Amino acid sequence: MSALALKRFDGLAVARPCGDIDAANAAAIDEELASCLTPDATGLIVDLSDTRYLDSAGIDMLLRLAERLRQRRTELRIVVAPDSQLRRLFEIVGMLDHVRVHATVSDAMADIPRAAPDVSDGEASAPDIRG
Amino acid sequence: MDGDSGVERGPQLEELEDIDASDGQASGRPGADGADRFGRLESITDSALGYLSLEEMLSEVLERIRGALAVDTAALLLLDEDRGVLVARAARGLEEEVRQGFQVPLARGFAGTIAAQARPLVIEDLDHADVVNPILSQKGIHSMLGVPVHVEGRVIGVMHVGTLARRVFADEDITLVQRAADRMALAIDNARLSEQRAVTEIVQRTLLPDALPQIPGIRLSAKYLPAGAGIKIGGDWYDVFQLSGGRLTFAIGDVVGRGVLAASVMAEARTALRAYLIEGHELSEVMSLLNDLLVAMGRNRSATAALVSFDPELGELQAVSAGHLPALLVEPGGVARFLEQHHGLPLGIRVRERYVTERYPFMVGSALVLYTDGLIERRGEPIDEGLARLRAAAEAAGEDDAPLADGVYRRLLGDAPLEDDVALLAVESLPLGTSLELTLEANPAVLADLRATVGRWLASFGAGEEELFDIALSVSEAAGNAIEHAYGARRARFAVRCDYHDNCVQVSVEDRGRWRTARPPTRGRGLMLMRSLMDSVEIERGEEGTTVRMSKRLASGS
């Protein structure tokens with residue numbers, strides 16, 4: 001049983017979990033999101049358009065995911081509608097300080113640098129991830 | 001029947017009428033006078049056989065026939081009506097026939113000819129007859145006598161005996177075998193009826209949901225009645241699926257035809273439906289997948305089906321139909337109308353057929369009735385009259401306290417004998433009241449339904465979208481804590497109580513476990529979340545357990 005719908009564009013994976021993310025399924029969705037990332041993937045977009053509720057277990061999962069991806073220098077973008085309850089929740093819990101959030105998948109894709117020219121100097125070239 | 005089909009034309013093949021003339025020519029049979037043979041006949045039909053199982057009884061009768069007639073083999077084949085073949089069911093001296101599952105089509109070979117003509121048949125010299133069954137010639141059988149096994153004029157099988165030596169069967173032989181066959185026919189028919197009853201029961205028990213989900217504010221009721229109590233199972237089915245987030249999906253369907261084949265198609269369709277829904281496909285997609293599956297199964301069985309999913313929080317239905325009768329919607333005022341649906345082609349007819357999902361509001365106080373044609377169809381009556389009767393019955397039943405399916409069924413069919421199977425499923429969205437009390441299993445899987453129920457309860461007081469989100473999520477967080485406290489305890493439960501009074505919502509979530517030190521960051525975040533979303537949050541840690549109390553004032557109440 002798959003808890004999310006996956007699409008790939010070049011090095012980008014766009015994953016849309018179908019439904020709420022909470023203590024019941026956060027670990028399973030975390031695993032599925034991790035398995036979306038092929039070794040050559042440059043970025044992951046988590047599209048929360050079909051998610052009505054996200055509880056603290058879900059928020060925690062996304063923050064840990066953001067940290068893991070930051071360490072392997074893979075971009076993470078999250079998509080939530082600007083007028084949604086989730087967007088408001090993200091503001092309340094300070095999510096926007098840690099993850100870049102966009103209104104649409106295409107906005108998120110445009111925000112991911114394509115064909116990163118040179119990553120040899122490591123941390124220096126890491127993009128500013130403040131929203 | 002085709003006169004060229006072998007046996008009948010064999011020079012040694014004689015039918016009963018021909019045998020009359022050659023009476024007394026029997027050879028290779030130990031001397032037996034009439035009285036002795038009647039004694040043996042009694043031994044074939046004595047009542048002690050009634051205590052044996054069918055298999056044992058058939059074997060025993062065949063064994064006795066073998067002794068009474070001094071023949072070497074005795075066998076019984078039963079007719080499979082769906083496939084038009086005779087299947088070996090019991091044998092003595094010819095056990096391979098049963099073990100190898102020997103089958104012969106109607107009107108072919110020795111047994112097939114007997115069944116098709118419904119008359120006894122004798123072959124004196126098997127070598128010269130065209131016999132379908134190789135086991136007979138391998139065994140070295142020389143002469144055979146076979147009789148039809150019938151019930152109420154219907155042939156249900158064939159019984160035959162055979163000898164290794166050449167034998168001319170006499171009239172009394174034929175009479176004796178026929179009487180044994182008649183005796184077996186009754187036992188077989190009785191056994192089949194109870195088998196059908198058992199199958200019907202198994203299907204009802206295993207293929208229909210045994211308990212409908214219990215959801216606060218939603219009353220589900222269902223009826224499933226096979227026509228002619230246990231004669232032949234039909235292909236009607238219904239199902240209820242509870243998906244995460246409180247969404248419910250209802251299915252009803254009717255596979256064309258009756259019997260085990262229709263029931264098995266129904267069983268496969270039902271299992272596939274569950275799988276497609278769990279995979280998260282949209283309803284019209286689920287219907288298309290189900291259609292392609294039925295076409296691919298190639299059983300030439302079509303089915304009508306309707307799928308409806310209900311989002312209690314949004315108060316909305318989504319419905320898709322594959323040639324099924326229109327669902328009946330009872331509006332909060334009590335007026336019933338049939339859903340105006342796009343009716344797709346029934347399932348199993350054309351591959352890659354497209355289906356359309358439509359949306360309908362379904363507010364508190366509404367009800368929905370899904371049914372199969374057995375509920376409304378009367379012989380010789382236009383279907384519109386049946387539909388009108390259903391509408392009237394649902395409107396009248398809506399005024400009772402009884403579950404809607406019971407009320408509708410009682411009004412439409414009462415105690416009348418059924419002409420067809422009936423499956424009936426009703427969904428009622430009831431007001432929740434100002435208090436909501438739930439006792440839930442300490443398992444994270446309940447959280448999604450809990451949020452949906454709380455959301456639905458709040459919506460009935462006109463809570464705004466933000467308020468609804470904040471309170472439902474806070475209740476879910478507190479419940480998450482309670483579940484964590486119960487970790488390791490078996491069958492632990494926790495209680496949620498919500499009250500609405502003077503525009504204020506008060507919630508308590510109570511467990512019997514010990515509050516653990518907040519495990520950063522998750523639980524710390526949970527508590528922070530509740531404090532941000534609610535006006536007040538208090539935690540009472542006691543010897544018995546922990547209670548979280550929260551409140552929030554609604555900006556605009558009703």
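Trainee: Which residue is the bridge partner of Leu44(A) in S4(A)?

Mentor: The partner there is Leu76(A). This is a predicted model, in which local features need pLDDT of at least 70 and side-chain atom pairs count only at pLDDT 80 or more, while totals for chains, interfaces and linings use all residues. Residues are numbered from 1 along each chain as its sequence is written, and chains are lettered from A and ligands numbered from 1 in the order in which they are written.

Trainee: In which sense do S3 and S4 of chain A pair?

Mentor: Strand S3 (residues 43-47) and strand S4 (residues 75-79) of chain A are parallel, with five bridges. Strands pair if DSSP finds at least two bridges between them. Helices (H or I, at least four residues) and strands (E, at least two) are DSSP runs, numbered from the N terminus.

Trainee: And what is the strand order in the sheet?

Mentor: The open sheet of chain A runs S1-S2-S3-S4-S5, with mixed pairing. S1 (4-9) and S5 (100-102) of chain A are at the edges with a single partner strand each, so one side of each has no neighbour in the sheet.

Trainee: Changing topic, how many residues of H12(B) are buried?

Mentor: In H12(B), 12 of the 13 residues are buried, so the helix is largely enclosed by the rest of the structure. Buried means 20 or more other C-beta atoms within 10 Å of the residue's own, exposed means 12 or fewer, and partly exposed lies in between, with C-beta atoms placed from the backbone. Trp457(B) is one of the buried residues.

Trainee: What covers them?

Mentor: The cover includes strand S19 (435-441) and helix H13 (465-485) of chain B.

Terms used. Two residues are in contact if their C-beta atoms, placed from the backbone, lie within 7 Å.
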